[in-house]
Amino acid sequence: DTSRQERTLKEPRPRRLAIGGGLTLALAIALFGFWRLLPTPLFQTPVADILVARNGELLQARIAADGQWRFPPLAHVPERFAAALVHYEDKRFRQHPGVDPIAIARALRINWQRGRVVSGGSTLTMQVARLALQQPRRSISAKIAEALLALRLETAYSKDEILALYANNAPFGGNVVGLEAAAWRYFRRAPDDLSWAEACTLAVLPNSPSLVHLSRNRGRLEAKRNTVLQRLFEREVIDAQTLALAIAEP
């Protein structure tokens, strides 16, 4: 009886080892797949040829091969545009790991209350992922792919680098792509020289690029810009005088 009990106690051990080995292998495969999610390079789009003066003034530009005004990528994002963008699109950008559970829960609640898809809960990192994946369809599977790539992006890039990826590749209306092309196209100046009002105007455009039009939606665009300016004031990014001057800009 004693020997039979000893055999019974010993038999499960190989099975436990097999299960443990299988889990380890599955985890290794999952980690390898996660690591392979990141395309190299992330964006493979052509850029315009530009001629810039020594003082930074744009002298000439030739449109990119795909017909888009997409300038060579910026190494950094100007502080005003970065602040406006984060406070408008993703206020917890500096804290979350690429996916924001709070934003997703809020989006689900709003969509359920409205009975239709109003908000997607996407972070800025997820929007970079969508731009890289070139997914026009808004489906659950597309959202999952964006979330997974967003998590991977956060392991490969700093927050400032992710902001730069967004600023360089987001649509700004018509065939204008990227912050620098938009700054020159709409305001005739470099991104670093944008006022608070101009930075906020460009920060809201990628969310609704159709707002930029010579004869329609100007009131909506101004209202969105002023909403961002008010939000920056409430969160003590700008003071009351700066807010008043910015709202007064046409």
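The residues that line the largest cavity divide into five nonpolar, two polar and two charged, where Ala, Val, Leu, Ile, Met, Phe, Trp, Tyr, Cys and Pro count as nonpolar, Asp, Glu, Lys and Arg as charged, and the others, Gly among them, as polar. The structure is a predicted model, in which local features need pLDDT of at least 70 and side-chain atom pairs count only at pLDDT 80 or more, whereas totals for chains, interfaces and linings use all residues. Residues are numbered from 1 along each chain as its sequence is written, and side-chain values use heavy atoms, with hydrogens and water left out.

The structure holds one cavity of 30 Å³ or more, and the volume of the largest cavity is about 40 Å³. A cavity is defined on a 1 Å grid over the protein atoms alone as a set of points where a 1.4 Å probe fits but cannot get out, a pocket is an open set with protein on both sides within 12 Å along at least five of seven lines, and lining residues have an atom within 4 Å of a point. Grid points are joined across faces, edges and corners, and a volume is the space filled by probe spheres set on the points. The lining of the largest cavity consists of R70, F71, P72, N168, V177, G178, L179, E180 and A181, and its largest share, three residues, comes from helix 8.

Helix 8 (residues 179-187) also packs against helix 9 (residues 196-204), their axes coming within 11 Å and crossing at roughly 120°; this angle makes helix 8 oblique to helix 9, and the crossing is right-handed. Helices (H or I, at least four residues) and strands (E, at least two) are DSSP runs, numbered from the N terminus. Axes are lines fitted to C-alpha atoms, for helices over the stretch in contact, with angles running from 0 to 180 degrees between N-to-C directions; angles under 35 degrees count as roughly parallel, over 145 as roughly antiparallel, 65 to 115 as roughly perpendicular and the rest as oblique. A crossing is right-handed if the near helix is turned clockwise from the far one by less than a right angle, and left-handed if anticlockwise. In this contact (heavy atoms within 4.5 Å), L179, A182, A183, Y186 and F187 of helix 8 meet E198, T201 and L202 of helix 9. R188, in the loop between helix 8 and helix 9, has a phi near 60°, a positive value in a residue other than glycine.

Helix 9 is crossed by helix 3 (residues 79-89) as well, with axes that come within 8 Å at an angle of roughly 45°, which makes helix 3 oblique to helix 9.

The lining residues of the second largest pocket comprise nine nonpolar, five polar and six charged.

Elsewhere, a cis peptide bond with an omega of about -5° joins T40 and P41, and P41 is found in the loop between helix 2 (12-35) and strand 1 (49-52).
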